[in-house]
Every structure is written in structure tokens, then in C-alpha cells.
Amino acid sequence: MTFVKFPMIAAVAGVFALGACTDPNGSVLAPNGDPNQRTKNGVLIGAAAGAVVGALSKGDGNRDKGAIKGAIIGGALGAGAGALLDRQERDLRQSLGNDNVTINNTGDRLIVTLPQDILFATGSSAVRPDLQSDLAAVASNLQAYPDTTVQIVGHTDSDGDAAFNQQLSNDRANAVASVLINNGVSGGRVQAFGRGEAQPVASNLNAAGKAQNRRVEIVILPNAA
């Protein structure tokens, strides 16, 4: 059995890691002090993926060369995607006027989390009228950045019947998707589905944790080049 050699891949990754930790003047940046950190995360993600793909696509004698080439190409693509997400995140934060809505930029996607308690009445899948403007702002942002796929994922806490929770999460995800589509987002970009109570982010043993678990996530994924 032939194994991939990794010394050169590790070296390339180390170069990108150093670039992510220093500014153009060579000084070390604070962990939370770099407004372009997500862009740099994109470089690292793209470089790592490109290195592996490049290595695996070459013969035994050229794996290290393939890894270097793949890392460079992947890093460049990752930087572009990361920079685009940074800009989209900034624009979205400026247009949203609701502190209860959170945005998480992971470097390869944006996750907009809306607590279900502000979106829906208990047991309902009808979006509250006062939240329509926030979803309209999200829709406008999505139209400004069209080269993405949008996943709408509904989640519930563990109270009640699991089958009911699954259906409710589906209905709520579809309700949010409908608002976005009615505000101009192409239906072909949008995927809506529910996870029920299967993916909690906090404990279901107390009220605060249950409130966090009742949520709808809008996941914005850059399309592959």
C-alpha cells in the first residue's frame, strides 16, 4: 500500500499559518484584533484542502509537488471566498437592526441564527409581522451577493413529541424560506429543512438552554468556483 508523504504539506501549511498570525509589517496580531482573520482562515482552509487534493492527484514521485501546487491554488481560492464572506458579513450586520439575531462567520460560511421565540408564536409556523423586515434585510443582502447557496435549517428543543418537533422545524424553515423568496431571493438557491430536536446547541434540561435550541439558522455557503 502506498501512503501520501506529508512533510511538504506541513511546511506549506506552516507558511500560511504564519501569514495568518502577522500583519504586512511583520508584527504579531492579537487573536481577536484582525478584521481580516476570516479571510485568512479561508486561506488556511483552501490551502489545506488543496494540498491534500493536489497530493492525491499526483503519482508517487510527485506528491509533494502536487501538494504545493494544490495548496497555492486552494489558498488563493480560499482567500477570495473568505474576503467575500467578510464583506457580506459586514453589510449584513449594518442592515440588521435586531440584537437577537446573531451572525457567525466560520471562514467558509455565514450562519445567521434567529431565535424561534422572536420569529414565531408558540406552536406556530407563521413568521411574526415585526420580523418580516429583518428577513427582508437578509433577502436584500443575499441578492447583493448572489453567488451563494442558502440553507434554512429549523431546530426545536426536546419538549413534546419528537415527530411533532421534526414537522414543526420543517414548517418553520419553509416559512422563513418563503419570506426570503417572496422578497426576491431565487428559489433555486434556497434549501429548507428541519432537524427537529436532533442538533441542540445547549442543554435541554433548563429554560435558558431550551430557548437557545429553538432556532432557525440561515446558512450562507459560497458556491464552488
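Author: Let us start with Asn204, which has a relative accessible area of 19%, and please keep in mind throughout that this is a predicted model.

Reader: Why is Asn204 called buried?

Author: The word buried is kept for a relative accessible area under 20%. Asn204 has 19%, and therefore Asn204 counts as buried. Its place is in the loop between strand 4 and helix 7 (207-213).

Reader: What makes the link between the side chains of Asn204 and Asn213 a polar contact?

Author: A polar contact needs a pair of N or O atoms within 3.5 Å, and the side chains of Asn204 and Asn213 are joined at 2.9 Å. A polar atom of the Asn204 side chain also lies 3.4 Å from the backbone nitrogen of Ser158. If neighbours within four places in sequence are left aside, Asn204 is in contact with Asp157, Ser158, Lys210 and Asn213.

Reader: Where is Asn98 found, and why is Asn98 called buried?

Author: Asn98 is found in the loop between helix 3 (63-95) and strand 1 (102-105). Its relative accessible area is 19%, and the limit is under 20%, so Asn98 is buried. A polar atom of its side chain lies 2.9 Å from the backbone nitrogen of Asn100, and a polar contact of 3.2 Å joins the side chains of Asn98 and Asp134. Not counting residues up to four places away in sequence, Asn98 touches Ile118, Leu131 and Asp134.

Reader: What does Ile118 touch, and how do you know that Ile118 is buried?

Author: Ile118, which lies in helix 4, has a relative accessible area of 16%, and because the limit is under 20%, Ile118 is buried. Apart from residues up to four places away in sequence, Ile118 touches Asn98, Asn100, Val101, Arg128 and Leu131. Ile118 and Leu131 are 13 residues apart in sequence, while their C-alpha atoms are 7.5 Å apart in space.

Reader: What caps the N-terminal end of helix 6, and what follows just after the helix?

Author: Asp161 caps the N-terminal end of helix 6, with a side-chain oxygen 3.0 Å from the backbone nitrogen of Ala163. Just after helix 6, Gly184 takes a positive phi of about 110°.

Reader: Which residues of helix 6 are buried, and what covers them?

Author: The buried residues of helix 6 include Leu168, Arg172, Val176 and Leu180. What covers the buried residues of helix 6 includes helix 4, helix 5 (132-144), strand 3 (148-155), strand 4 (190-194) and strand 5 (215-222). Leu180 has a relative accessible area of 0%, which is under 20%, and so Leu180 is buried. Leaving aside its neighbours within four places in sequence, Leu180 is in contact with Leu135, Val138, Ala139, Leu142, Ile152, Val185 and Ile218.

Reader: Which residues lie nearest the centre of the second largest pocket, and what makes up its lining?

Author: The lining has 14 residues, of which Thr122, Gly123, Leu168, Arg172 and Arg214 lie nearest the centre. By class, four are nonpolar, five polar and five charged. Helix 6 gives the most to this lining, with four residues, and the space in the second largest pocket is about 230 Å³.

Reader: How many helices and strands are there in the protein chain, and how much of the chain is buried?

Author: The protein chain has seven helices and five strands, and 40% of its 225 residues count as buried. Among contacts between residues at least 6 apart in sequence, 70% join residues at least 24 apart.

How values were computed. Residues numbered from 1 in each chain as written. Predicted model: local features only at pLDDT ≥ 70, side-chain atom pairs only at ≥ 80, totals over all residues. Heavy atoms only, no water. 1 Å grid on protein atoms, 1.4 Å probe; cavity = no way out; pocket = protein on both sides within 12 Å on 5 of 7 lines; lining within 4 Å. Points joined across faces, edges and corners; volume = space filled by probe spheres on them. Helix = DSSP H or I, 4+ residues; strand = E, 2+ residues; numbered from the N terminus. Nonpolar A, V, L, I, M, F, W, Y, C, P; charged D, E, K, R; others polar. Buried < 20%, exposed > 50% of the residue type's maximum accessible area, 1.4 Å probe, protein only. Contact = heavy atoms within 4.5 Å. Polar contact = N/O pair within 3.5 Å; in protein donor to acceptor, adjacent residues only side chain to side chain.
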